[in-house]
Amino acid sequence: LRLSFGTSLVAGIAFITLVAFGTQSAMAATATVNLGTASSFAVLAGNALTNTGPTTISGDIGLSPGTAISGFPPGSQTSGATYVANGVALTAENDLITASNSAAGRSPFVTVSGDLGGSTLVSGVYRSTSSMGLTGTVTLNGAGNPDAVFIFEAGSTLTTASTSTVVLENGAQACNVFWQVGSSATLGTTTNFAGSILASTSITLNTGATVNGRALALGGAVTMDDNTITAPTCLLASSTTTTDLPCLATRYAVVTP
């Protein structure tokens with residue numbers, strides 16, 4: 001009985017270890033996009049920041065090389081600092097260029113066309129050589145992995161219809177979702193969006209759109225209208241099970257018939 005118990009326990013530990021290594025390999029398949037100093041920004045623009053209505057921003061606000069910011073108040077910043085045409089904003093814009101180039105060059109990728117609405121997608125890179133749209137709901141399934149990364153590459157524009165939604169499930173996190181846009185991004189009214197938008201030109205958030213992520217524009221403006229934008233943070237996975245396994249293996253390795 002002791003031999004059977006010891007053998008079963010060791011086999012179980014070996015199986016769990018194999019699963020752990022398999023998970024690590026899957027995680028490594030799609031690496032995150034390193035935003036550098038731009039990661040603390042909820043909103044970052046190249047030439048202007050324009051707001052209408054009681055927009056709420058949680059995270060840093062940046063503008064470089066432009067200096068034109070309007071609509072604050074009634075817009076407000078609940079956390080973070082504002083940087084205009086200074087070294088911090090310029091560094092963040094330069095880091096954004098690096099991050100956007102990195103996201104745009106990722107492979108292997110899955111080619112998508114038309115509209116993402118109605119799709120359920122797992123971790124990976126999704127590329128459209130032209131525009132990318134969203135009407136309705138796209139679901140991003142993390143498959144139980146909080147480090148699952150989703151990268152969307154739109155060759156030209158990204159446009160969402162009114163009331164569209166990006167749903168995160170099974171561990172997917174907004175901090176690991178990136179939308180690299182070749183020109184400009186437009187979110188329709190009351191869109192519920194998740195992830196960081198890295199737009200080469202401009203970003204327009206129509207009335208009531210909510211972003212659990214970032215609106216980061218390289219060359220143009222970010223235009224807002226009664227929006228809520230929250231820079232995301234990643235929740236760390238629990239390591240309790242992993243740290244306990246070596247102790248179990250040591251404890252029962254000496255069991256003999």
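My entries follow, from the whole chain down to single residues.

**Ground rules**

I am working with a predicted model, where local features need pLDDT of at least 70 and side-chain atom pairs count only at pLDDT 80 or more, while totals for chains, interfaces and linings use all residues. Residues are numbered from 1 along each chain as its sequence is written, and side-chain values use heavy atoms, with hydrogens and water left out.

**The whole chain**

I began with secondary structure and found three helices and 22 strands in the protein chain. Here helices (H or I, at least four residues) and strands (E, at least two) are DSSP runs, numbered from the N terminus.

Next I checked burial: 41% of the 257 residues count as buried. Buried means under 20% relative accessible area, exposed means over 50%, and partly exposed is in between, with a 1.4 Å probe and protein chains only.

The accessible surface of the chain comes to about 11,800 Å², and carbon and sulfur atoms hold 60% of that. These areas come from the Shrake-Rupley method with a 1.4 Å probe; for residues, only the protein chains shown count as cover.

I then looked at contacts, meaning heavy atoms within 4.5 Å. Among contacts with a separation of 6 or more, 52% are between residues 24 or more positions apart.

**The disulfide**

How many disulfides does the count come to? I get one disulfide, taking the term as a pair of cysteine sulfur atoms within 2.5 Å. The partners are C175 and C234, with their sulfur atoms 1.8 Å apart. They link distant parts of the chain, 59 residues apart: C175 is in the loop between β15 and β16, and C234 is in the loop between β22 (228-230) and α3 (240-252).

I also noted the handedness: the torsion about the S-S bond of C175 and C234 is about 105 degrees, so this disulfide is right-handed. C175 is buried at 9% relative accessible area, whereas C234 is partly exposed at 40%.

I found one salt bridge in the structure, defined as a side-chain nitrogen of Lys or Arg within 4 Å of a carboxyl oxygen of Asp or Glu. It joins E153 and R127, whose closest N and O atoms are 2.4 Å apart. This pair also links distant parts of the chain, with E153 in strand β13 (residues 150-154) and R127 in strand β10 (residues 124-128), 26 residues apart. E153 is buried, with a relative accessible area of 3%.

R106 is in the loop between α2 (87-104) and β8 (110-111). Leaving aside neighbours within four places in sequence, the contacts of R106 include A31, T32, V33, R127 and E153.

**Aromatic rings**

My search of the whole structure gave four aromatic pairs. Rings of Phe, Tyr and Trp (its six-membered ring) pair if their centres lie within 6.5 Å; planes under 30 degrees apart count as stacked, over 60 as edge-to-face and the rest as tilted. For W179 and F193, the ring centres are 5.0 Å apart and the planes are at 45 degrees, so I logged the pair as tilted. W179 is in strand β16 and F193 in strand β18 (residues 192-199), 14 residues apart. W179 is buried at 1% relative accessible area, and F193 is buried at 1% too. Together with Y126 and F152, W179 and F193 form one aromatic cluster.

I noted a cis peptide bond from S64 to P65, with omega near 5 degrees. P65 is in the loop between β4 (60-63) and β5 (68-70). Another cis peptide bond joins S107 and P108, with omega about -5 degrees, and P108 is in the loop between α2 and β8.

I also looked at phi. T163 has a positive phi of about 65 degrees although it is not a glycine; T163 is in the loop between β14 (158-160) and β15 (165-169) and is exposed at 55% relative accessibility. N170, also not a glycine, has a positive phi near 55 degrees. N170 is in the loop between β15 and β16 (177-181) and is partly exposed at 45% relative accessibility.
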